[in-house]
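Subject: Structure handover

Hello,

Here is the structure I said I would pass on. My notes follow below it.

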Amino acid sequence: TSASYDNNNIFAKILRGEIPSHRIYEDNDTIAFMDVMPQAPGHVLVLPKAPSRNLLDADPVVLAKTIPVVQKIANAVKEAFDADGVFVCQFNEPAAGQTVFHLHFHVIPRYEGTALRP
Ligand code: 5GP
């Protein structure tokens, strides 16, 4: 079992403008900003504005709007950081490594000859 959505999670505060972030994209439904502790230069987080704890409880209609933005950001990051590939991932619940409980997708540039996992 998992807890419900907590309005005081750090990304909820970022979405409300209560704490700063380096935003690189925003539309009505989605936002993207730089990860404050990047796994590699160019590490971006993409998240729907709608509250969901993670992928497990997300509204599929929201997901359908989020994934095209993930794609857009992945291409932009690949171009901007001259990467050979892009790692996209997300974690669901603490057992899987989730630490911030508002759904988000990690987008991380990757390079030939470096380790597959960030
Ligand atoms: P996850 O929940 O997917 O394991 O990881 C949450 C991610 O959010 C981590 O990569 C972490 O560095 C990032 N993060 C945590 N707090 C902040 C913050 O205040 N601002 C930003 N931009 N990123 C954060």
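For the "active site", the UniProt record, an unreviewed entry, lists H104. UniProt positions are given in the numbering used here, feature names are shortened, and annotations may be inferred rather than shown by experiment.

Two points on reading these notes. Residues are numbered from 1 along each chain as its sequence is written. The model is predicted: local features need pLDDT of at least 70, side-chain atom pairs count only at pLDDT 80 or more, and totals for chains, interfaces and linings use all residues.

H104 sits in the loop between β4 and β5. Helices (H or I, at least four residues) and strands (E, at least two) are DSSP runs, numbered from the N terminus. H104 counts as buried because 24 other C-beta atoms lie within 10 Å. The cut-offs are 20 or more other C-beta atoms within 10 Å of a residue's own for buried, 12 or fewer for exposed, and partly exposed in between, with C-beta atoms placed from the backbone. Leaving out residues up to four places away in sequence, H104 touches F11, L45, V46, L47 and Q90. Contact means that the C-beta atoms of two residues, placed from the backbone, lie within 7 Å.

The sheet is next. Five strands form an open sheet in the order β1-β2-β3-β5-β4, with antiparallel pairing. β1 (23–26) and β4 are the edge strands, each pairing on one side only. From one strand to the next, the twist averages 20 degrees. Two strands pair if DSSP finds at least two bridges between them. β3 and β5 are joined by three bridges in the antiparallel sense, and L45 has H106 in β5 as its bridge partner. β4 and β5, also antiparallel, are joined by five bridges; here G85 has R110 in β5 as its bridge partner.

α2 lies across β1, β2 (30–34), β3 (44–48), β4 and β5, and runs at about 160 degrees to β3. Axes are lines fitted to C-alpha atoms, for helices over the stretch in contact, and angles run from 0 to 180 degrees between N-to-C directions.

Around the ligand are I10, S21, F33, M34, D35, V36, M37, F91, G97, Q98, T99 and V100. A residue is near a molecule or strand if its C-beta atom, placed from the backbone, lies within 6 Å of it. This shell divides into seven nonpolar, four polar and one charged residue. Ala, Val, Leu, Ile, Met, Phe, Trp, Tyr, Cys and Pro count as nonpolar, Asp, Glu, Lys and Arg as charged, and the others, Gly among them, as polar.

Two residues have backbone angles to look at. D82, in the loop between α2 (60–80) and β4 (85–89), has a positive phi of about 50 degrees although it is not a glycine. D82 counts as exposed because it has 9 C-beta neighbours inside 10 Å. E93, in the loop between β4 and β5 (105–110), is also not a glycine and has a positive phi near 80 degrees. E93 counts as partly exposed because it has 15 C-beta neighbours inside 10 Å.

Last, A3 is in the segment before α1 (10–15). A3 is exposed because 8 other C-beta atoms lie within 10 Å. A3 and D84 are 81 residues apart in sequence and 38 Å apart in space, C-alpha to C-alpha.

Regards
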